[in-house]
Amino acid sequence: MSTATTASVSTHILDTSIGRPAEDVAISLAARSGSDAEWVALGGSATDADGRCKDLPALPEGTTHVRLDFAVETYFTHQISTVKQAEAQQDAPRVRDSGAFFPEVAITFAVKPGEHYHVPLLLNPFGYSVYRGS
């Protein structure tokens with residue numbers, strides 16, 4: 001959680017191509033204190049069955065910028081076989097067959113002490129969108 005001197009971050013991923021949460025996507029978190037400072041890797045986690053990443057490391061005091069790196073290539077590689085199985089069983093629309101156009105998604109944003117930042121990722125094989133959630 002955020003404190004008066006630190007910010008906090010959470011995220012979740014929705015795969016908009018299938019209308020479901022993206023499970024088991026690795027996410028790493030880095031922070032820096034100032035726009036010219038070096039990035040410091042803080043650790044990471046992975047999304048759960050609900051597409052949420054609830055256990056990202058805490059941000060150190062003085063953090064001004066945060067970077068979330070989403071490793072989506074492995075997720076889409078796994079989804080290709082899952083979707084093909086589903087298509088064989090039902091009248092589902094043809095989805096991807098070429099993997100992910102973006103093998104990773106890196107989101108960098110500014111933070112202020114005392115604030116919580118929820119950053120949802122809306123993902124599909126050929127694009128993505130992010131926003132500051134609540």
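Helices (H or I, at least four residues) and strands (E, at least two) are DSSP runs, numbered from the N terminus. This is a predicted model, in which local features need pLDDT of at least 70, side-chain atom pairs count only at pLDDT 80 or more, and totals for chains, interfaces and linings use all residues. Residues are numbered from 1 along each chain as its sequence is written, and side-chain values use heavy atoms, with hydrogens and water left out.

**View 1. The chain from end to end.** Along the sequence the pattern reads β-β-β-β-β-β-α-β-β-β.

View 2. Two strands count as paired if DSSP finds at least two bridges between them.

**View 3. Strand 3 beside strand 4.** Strand 3 covers residues 26-32 and pairs with strand 4 over six bridges. The sense of this pairing is antiparallel. Leu29 stands opposite Gly43 in strand 4.

View 4. A contact means heavy atoms within 4.5 Å. Among contacts with a separation of 6 or more, 66% join residues 24 or more positions apart.

**View 5. The accessible surface.** The chain exposes about 7500 Å² of accessible surface (Shrake-Rupley method, 1.4 Å probe). Carbon and sulfur atoms hold 51% of that surface.
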